[in-house]
Amino acid sequence: PKSRVLTTADRKGAQFVAGPRRQLVADFPYGDTPRFAEARAIAAMARDLFVKGEVDEVTLVATRFINTLTQQAMALEYLPIGEIKGIRMPEADPEHVLAADTTEFRFEPSADQILSYLLGHYLNVLLYTVLLNAKASEQSARMVSMKSATDNANGMIKDLTLHYNKLRQGAITQELLEIAGGQAN
C-alpha cells in the first residue's frame, strides 16, 4: 500500500490525524476567517511535494457548504489536474458549456509559461475556495446547533414554568381547602 503524507488546515483535522500509523507532515492553522495568503502557503506546499515526486496525488478532504442545514463531506482531487473539457460560464445557463477550442494560438511569453502561471493561481483560488466552504460549513453547523440548544432550553423553561405553576396552584388549592375545612369545624 502507498504511504500517505498528511497535512491539515485546522485544529480538528490535526487531532484526527494524530492517530496511530498516521504521519502529520504539516499543520496550517488559520484564524476565524481564512485568508488568501494562508491558502497560498498550503497550495505551495502541495505543489512542491507533487512536483518533487514525493507524492503521486494530492486530495483535499473538507466539507462543502450547500445551505444552512446541509454540509457535505467531499474529497477533491487537487493534483494532478485532470483534463479540462470545457468551460461553464457562471452567468450562463448551467446546460450551456463552451466546448474546448482546438484552434492554435501563439503566445508571448510562451503558452507553457502562461499556463504555469495561470495554473498556480487556479490552484491557489481552488484551495482558498475549499477553506472558505469548510469555514462556512463550520459556522453554519454551529449556528444550527446553537439554535437547537436555544430552542431546547426555551422548551425546558416552558415545561418547568408550567410544572411550577401547577404545583403552586395545587398548594394554593390545598391551603384554601384547609381554610374552608377549618371554618366548617
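In which strand is the place of Thr-8? Thr-8 belongs to strand S1, which spans residues 6-8. The model under discussion is predicted, and its secondary structure amounts to three helices and six strands.

**Overall composition**

- Read from the N terminus, the elements follow the order β-α-β-α-β-β-β-β-α.
- The protein has 185 residues, of which 18% count as buried.
- The accessible surface comes to about 14,600 Å², and carbon and sulfur atoms account for 58% of that surface.
- Where contacts join residues at least 6 apart in sequence, 49% of them link residues at least 24 apart.

**Surroundings of Thr-8**

- With a relative accessibility of 8%, Thr-8 counts as buried, because the limit for that class is under 20% relative accessible area.
- Setting aside residues up to four places away in sequence, Thr-8 touches Gly-13, Ala-14, Val-17, Leu-24, Ala-26, Asp-27 and Phe-28.

**Nonpolar core**

- The largest nonpolar core has 22 residues, and those with the most contacts inside it are Ile-42, Val-58, Tyr-78, Leu-127 and Leu-131.
- At least two residues of this core come from each of helix H2 (36-51), strand S3 (58-67), strand S4 (70-79) and helix H3 (111-184).
- The element that gives the most to this core is H3, with six residues.
- Leu-131 is in contact with Ala-9, Tyr-30, Pro-34, Ala-39 and Ile-42, once its neighbours within four places in sequence are left aside.

**Strand pairing**

- Strands S3 and S4 pair in the antiparallel sense, and nine bridges are found between them.
- Opposite Ala-62 stands Met-74, which belongs to S4.

**Aromatic pair**

- How many aromatic pairs does a search of the whole structure find? The search returns one.
- The partners are Phe-36 and Tyr-128, whose arrangement is edge-to-face, with 5.4 Å centre to centre and 90° between the planes.
- Because Phe-36 lies in helix H2 and Tyr-128 in helix H3, the pair ties together parts that are 92 residues apart in sequence.
- Phe-36 is partly exposed at a relative accessible area of 28%, and Tyr-128 is likewise partly exposed at 23% relative accessibility.

**Salt bridges**

- The structure holds three salt bridges.
- One of them joins Glu-138 to Lys-135, with the closest N and O atoms 3.3 Å apart.
- Glu-138 and Lys-135 both lie in helix H3, where three residues, about one turn of the helix, separate their positions.
- Is Lys-135 buried or exposed? At 11% relative accessibility, Lys-135 counts as buried, whereas Glu-138 is partly exposed at 26%.
- Glu-138 also meets Arg-142 in a salt bridge, at 2.8 Å from N to O.
- Arg-142 and Glu-138 are four residues apart in helix H3, so about one helical turn separates them.
- Arg-142 counts as partly exposed, its relative accessibility being 44%.
- The side chains of Asp-151 and Lys-147 form a further salt bridge, at 3.1 Å from N to O.
- Asp-151 and Lys-147 are also located in helix H3, four residues apart, about one turn of the helix.
- Asp-151 is partly exposed with a relative accessible area of 40%, while Lys-147 counts as exposed at 52% relative accessibility, because the exposed class begins over 50%.
- Through salt bridges that share partners, Lys-135, Glu-138 and Arg-142 are joined into one network.

Key. Residues are numbered from 1 along each chain as its sequence is written. This is a predicted model: local features need pLDDT of at least 70, side-chain atom pairs count only at pLDDT 80 or more; totals for chains, interfaces and linings use all residues. Side-chain values use heavy atoms; hydrogens and water are left out. A nonpolar core is a set of buried Ala, Val, Leu, Ile, Met, Phe, Trp, Tyr and Cys residues joined through side-chain atoms within 4.5 Å. Buried means under 20% relative accessible area, exposed over 50%, partly exposed in between (1.4 Å probe, protein chains only). Contact means heavy atoms within 4.5 Å. Two strands pair if DSSP finds at least two bridges between them. Rings of Phe, Tyr and Trp (its six-membered ring) pair if their centres lie within 6.5 Å; planes under 30 degrees apart count as stacked, over 60 as edge-to-face and the rest as tilted. Accessible areas come from the Shrake-Rupley method with a 1.4 Å probe; for residues, only the protein chains shown count as cover. A salt bridge is a side-chain nitrogen of Lys or Arg within 4 Å of a carboxyl oxygen of Asp or Glu.
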